[in-house]
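Visitor: Please show me the protein chain and take me through it by question and answer.

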Amino acid sequence: ASEFEALCKASLPKGSSTISYKKNHGQQQGPISKAEILFRSYWRRAWIIGLWLTICFALFTWKFIQYSHRAAFQVMGYCLSTAKGAAETLKFNMALILLPVCRNTITWLRNNPGLNSVIPFNDNINFHKVIAGGIVIGIILHGGTHLACDFPRISGSDRSVFRQTIAANFGYQQPSYFQILSTTEVASGIAMVVLMMIAFPLATKWPRRQSPSLPKSVRKVTGYNTFWYSHHLFVPVYALLIVHSMFLFLTDNLVEKTTWMYIAIPVLLYAGERITRAIRSGFSEVEILKVSLYPGKVLSLKLQKPKGFRHKSGMHPFSLTCGPEDDYLSVHIKTLGDWSCQLYSLFEEAILTGLKQYPKIYIDGPYGASSQDHIKYDIVIMVGLGIGITPFVSILKDIATRLKKTSINHAACGEGSLEKIPLKAYLYWVTREQSSFNWFTDVMKEIADTSQKQAVVEVFNFLTSVYQEGDARSALITIIQSLYQAKYGIDIVSRTPVRVFYCGPMTLARELEKLCTKFSTKTNTIFVFHKENY
């Protein structure tokens, strides 16, 4: 972080507009306050979360008051109002949770500058998780209140009060607690909760990534594949939700059975997305042009570019490491989980046997990501940790291609390209293993050649597996580096013209976000922090 801090202090010209939304920030008079920086950074998230909470609170209050005036209130009291209020928020959230994962729709919407300026599409997965948290709270309130309060009160209420209020809803026979549990509406509700109790924990970070902190016996049954298939339990969950909503104790009025009204459009939209993706990927089998296996179990695939396939640098789901103008597609995939491990093994086996009968590759995507916002800024600082460099490789190739176009146009016509190009781009690549530098050797050489001519791109590599530069124990490496680079023009560690420095471990994202806020308040430059969410 110290190198980044030094760059923020010294390398950037005063008054320039660094990764900023407005073009006229270069005329800003003096630093701005921390409150304003925080407002600029979080106002889009804040109004979305505020709107969501307001809707949830309004729905809860509406149903709470409504059932406080029903005859059943005399039997169950505020337990009923609480359960029904929570149920209404559950209907809303069960509909809303599908929208952030409609990836084609999100990618299309983010291309609209007006919407993209007020809606934080980069946080779609985070918002999906927030809604999931709201669903958990709703289930606890709705299901817990029914099981612990409402049902015991129904089965244990005074018979005369029961007959005068809700007896007609139970066929004029007061049920026992277990008879209530065996009804369609309760059984379907319990089944939904059981399925969610399976899917929700497996979707959290530690099981999904098979964290070493988990017990070995648990790691065997977790991983990305487990997350993927368990997440598809949402199909029976939504089917049970419809059943649950159509069999209600306290009303036969179809107008009040509104669950289908909430979920119809989101379910149809999501289903349409999945069908579109299945059809698109089914027709997009591509030829594998080259397969490379790199140290650190990194698989590189160079693929034929399908006709009509267009993408922007930085797009997902696996970050493309080719530029938009390249006539091929390339990805670099590190084996970090069960799915990527199996994929690596399939290609490794094909190469070792010499048969080269590679698995069939189908393409789905591309999808929008925060990295593609780089084109909006005058100065871009990119920090990648390990394989996290992949979206930035595509960005640097894109910048290099645009620079070449500018040079050609200038030489041919005496005019530069009208395309938007950052005035300066810095890449900081932090990696633990020296072998990681082999992943993008050719790309780094190409970028280094371009940057020498144009002085637009600067790349800094940091190796964390040795002692920090300046430490006596790393002095010999530093001397050899300097001599080798002076004689051959390349770094002996990275095998590219990019010099490697040494640094210790750091909590990257949080540290960088703090530095962006710090230097936005102390300099004339505004730093806007973006983070990829995988």
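Guide: Some questions about this chain follow, with their answers.

Guide: This is a predicted model, in which local features need pLDDT of at least 70, side-chain atom pairs count only at pLDDT 80 or more, and totals for chains, interfaces and linings use all residues. Residues are numbered from 1 along each chain as its sequence is written, and side-chain values use heavy atoms, with hydrogens and water left out.

Visitor: What share of the 534 residues is buried?

Guide: Buried means under 20% relative accessible area, exposed over 50%, and partly exposed in between (1.4 Å probe, protein chains only). In the protein chain of 534 residues, the buried share is 46%.

Visitor: Is V243 buried, partly exposed or exposed?

Guide: V243 lies in helix α14; helices are DSSP runs of H or I with at least four residues, numbered from the N terminus. The relative accessible area of V243 is 33%, so V243 is partly exposed.

Visitor: At what angle do the axes of helix α7 and helix α10 cross?

Guide: Two packed helices are described by the angle between their axes and the distance between the axes. Axes are lines fitted to C-alpha atoms, for helices over the stretch in contact (heavy atoms within 4.5 Å), and angles run from 0 to 180 degrees between N-to-C directions. For α7 (residues 124-156) and α10 (residues 184-202), the axes come within 12 Å and cross at roughly 140°.

Visitor: Which residues of α10 make the contact with α7?

Guide: From α7, the contact uses A132, I135, V136, I139 and F151. On the side of α10, the residues are V186, V193, M196 and F200.

Visitor: How many helices and strands has the protein chain?

Guide: Strands are DSSP runs of E with at least two residues. The protein chain has nine strands and 20 helices.
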